[in-house]
Amino acid sequence: MRTLVFAIIIGFFVGCSGPDKTTTLSPRDAFIDSLLSEMTIEEKIGQMSQSTGSWETTGPIIADSSTLDLVRTGRLGSFLNVFGAERTRKAQEIAVNGSRLGIPLIFGYDMIHGYATTFPIPLAEAASWDLELIKKSAAITALEASAAGLHWNFAPMVDIARDPRWGRIMEGAGEDPWWGSQVAIARVRGYQGNDLKSLSTIAATAKHFAGYGAAEGGRDYNTTEISEHTLRDVYLVPFQAAAKAGVAAFMNGFNDLNGTPATANKFLVRQILKKEWDWKGLVVSDWASVQELTDHGFAATDSEAAGLALEAGCDMEMVSKTYDEYLIDLVQQHPEYLPMIDDATLRILGVKYDLGLFEDPFRYSDLQREKQIVRNNDHFKHAREIAKRSIVLLENRNRTLPLDPNLRKIAVIGPLAEDRETALGTWSAQGQQSDVTPLLQGIQLAVGEKTKVLYAAGSEINSTDKSGFNKARALAKQSDAIIAVVGEHALMSGEALSRSDIGLPGVQLDLLKMLKETGKPVIVVLMNGRPIAEPWMYENCDAVLETWLLGVQSGPAIADVIFGSYNPAGKLPVTIPRSVGQIPIYYNHKNTGRAADPADRYTSKYIDEAFVPQYPFGYGLSYTTFEYGELTLDKPAFHRGDSLSVSVVLTNSGSVAGEEVVQLYVRDLFGSVTRPVLELKNFEKVLLNAGESHLVKFKIKAEDLSFWDKNMAFRSETGQFKVFVGSNSATQLQQEFELLD
Ligand code: NOJ
């Protein structure tokens, strides 16, 4: 019945042509305005409330009966954690056929790296420097999710992370604002496509607004203190990029930002997001983060928390119920809340409209489509493609890799060789361990018939027990090469999974040392959700592959790299420190008045640790070598409005084809606010055959040099700059130029 009412409303607005107010509105805005005018205040607050689905011993159910009653009475507009064509259809039927206005529900879920086909964790994908493939992972996620009745993804997480102790570093694109923005745009476009109405797209969420990644001590949920300059120059950059790319939703952070929790932070949400950026989507709180305003000591009561979150521009409350319980009473004392409630409701209805839910609320809940699309073979093919491209070759002494697939015997040692759960990683949504091909199996499939693959776990991931060492040693000694599969368990990174020691857990380092003593080449396959600080491993093992957590095709993808059917080209999207004591460590730091100088005691460094990291941002090796020619500028200076051409000849000087990620950095030598020693501004991924050369060209414009100046204006300042080009952020290839007015 309600669908009929909506059809009439749509028909009316499409058909009307008089010079009244409605003609100046788009059909979309006219429709949602008209719907708003029919709604009671309770129904509006209902749209602003989101509940989670529930679980019973037999598995997920929609929700308990009292929650479903809220849907019937128009007091609930959204669910998270309700998925599957059947369950979403049932819930939708209650909303559409059982409530007074029949406004459809919107179903959200965390699909951080896939719905059922699990791709590499986001940090890993960011190491691929392949925006098209990153976009494709997001598009497949949307395709599968939309077939399972879902409308809305709580991804991408675009938080900048400069502290690898923080477990959620695995969910983002690393430490760099520029690269983070490119990845954010690719993911938003992948999830949302060009049209949210399309059956294969879903709404995306940029989260967690903002500064959440700067949690003190790397401890999840912890306080953040970020100056406005750093906030705008670093932490907000990927969020603004996502907003510009049309992301449908934002999610508040859990963090206290400079004394005001993000969920109640008017400056962030009302001032920057909704006013300065003029962004029109919906803001959802994080899980109970409205109610937690009382725990922050920012609101004295739940009622006050509801008011503060509303004032700050939080449109939908996730899980806690303070809007539902208190907003009605609050508007009696605060009539100024009424237009805020209207605005929030319009934003939520707008997203539902954009998804096409008013035309057909059941369009995404299609059992047939769900069966055909979810876990489709092509999705697994893509999972392998992006997984192998996400691998970073950190060390390759004496060209240990690639291995000959026809070796006599290979020992696969380590607690992660067969671990399917870790290959999936946290936030694996509907990913199933039975879909994972772990590394041991990947290797067995890749080697020739005559090669024997011997396997021993050696130790557990995180225990003091060395009783497995003897077997591992015996197998290692009889083999031609050792593949040591070590790292972190899936549940050592992700939400609420911060670590104070980011080395290899348990006795895994001892296991590596024991293997090294056998004299056989030790190839370390590192599996981890964050950078691992373990200098001995990097400095002594024959080869080290950073493989992160690569998803369902982890095994075949790593085997592709080990045996050379794919030449690795990944580059670190995050600095790998030598020790926890170096944290926070990131390439785009300030120079200080006393930049580190080993020869001068009174400079900024440690007496017991190097000041340089283990591996810099952007670093990664290949099975071939690349040579950079001279860096050439087309002029020594350029005016605003003009641009500078920067070029370099890149040559594959090795003996196999390979890809290189050529990176361009700039340094503003003097500013009205001090500038970082380097800032990434561009890159090109180039595939070259052995011996082949390619002219890589970049353009720099004045806008690329902009920052938030001392008057908090976003602009570039004239003066001297340096440009650097190379294979990572430690490159020395540079030239100087000047920006003129
Ligand atoms: C809490 C997490 O911080 C957030 O990222 C996630 O989307 C919500 N829980 C919902 O699961």
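Modeller: Let's start with helix α11, residues 237-244, which lies across β7 and β8 and runs at about 155° to β7. Keep in mind that this is a predicted model. The sheet under discussion is an open one of 3 strands, in the order β7-β8-β11, with parallel pairing. β7 (205-209) and β11 (282-284) stand at the edges with a single partner strand each, so one side of each has no neighbour in the sheet. On average, neighbouring strands here are turned by 25° against each other, ignoring direction. Strand β8, residues 249-252, pairs with β11 in the parallel sense over 3 bridges. If you want a spot to look at, find Met-251, which stands opposite Val-284 in β11.

Glu-317 sits in strand β12 (residues 317-318). Glu-317 is buried, and the nearest side chain of opposite charge, Lys-321, is 7.0 Å away; a salt bridge would need the nitrogen and oxygen within 4 Å. What the Glu-317 side chain does have is a polar contact with the side chain of Ser-320 at 2.5 Å, and it also reaches the backbone nitrogen of Tyr-323 at 2.6 Å. Among the residues Glu-317 touches are Met-48, Gln-50, Ser-285 and Val-290.

Elsewhere, the salt-bridge count comes to 42. One of them joins Arg-232 and Glu-276, at 2.9 Å from N to O. Arg-232 is in helix α10 (residues 228-235) and Glu-276 in helix α12 (residues 266-276), so the pair ties together parts 44 residues apart in sequence. Arg-232 is buried, at 8% relative accessible area, while Glu-276 is partly exposed at 35%.

Another salt bridge links Glu-495 and Arg-168, at 3.8 Å from N to O. Glu-495 lies in the loop between β16 (481-487) and α21 (508-517), and Arg-168 in the loop between β6 (152-153) and α9 (177-192), so this pair ties together parts that are 327 residues apart in sequence. Arg-168 is buried at 1% relative accessibility, and Glu-495 is partly exposed at 27%.

Then there's Arg-640 with Asp-741, whose closest N and O atoms are 2.8 Å apart. Arg-640 is in the loop between β21 (637-639) and β22 (643-652), and Asp-741 is in the segment after β29 (734-740), 101 residues apart. Here Arg-640 is partly exposed at 31%, and Asp-741 is exposed at 63%.

Notes
Residues numbered from 1 in each chain as written. Predicted model: local features only at pLDDT ≥ 70, side-chain atom pairs only at ≥ 80, totals over all residues. Heavy atoms only, no water. Helix = DSSP H or I, 4+ residues; strand = E, 2+ residues; numbered from the N terminus. Buried < 20%, exposed > 50% of the residue type's maximum accessible area, 1.4 Å probe, protein only. Lys, Arg positive; Asp, Glu negative; His and termini not counted. Polar contact = N/O pair within 3.5 Å; in protein donor to acceptor, adjacent residues only side chain to side chain. Contact = heavy atoms within 4.5 Å. Pairing = 2+ DSSP bridges. Axes fitted to C-alpha atoms, helices over the stretch in contact; angles between N-to-C directions. Lists of a residue's contacts leave out its neighbours within four places in sequence.
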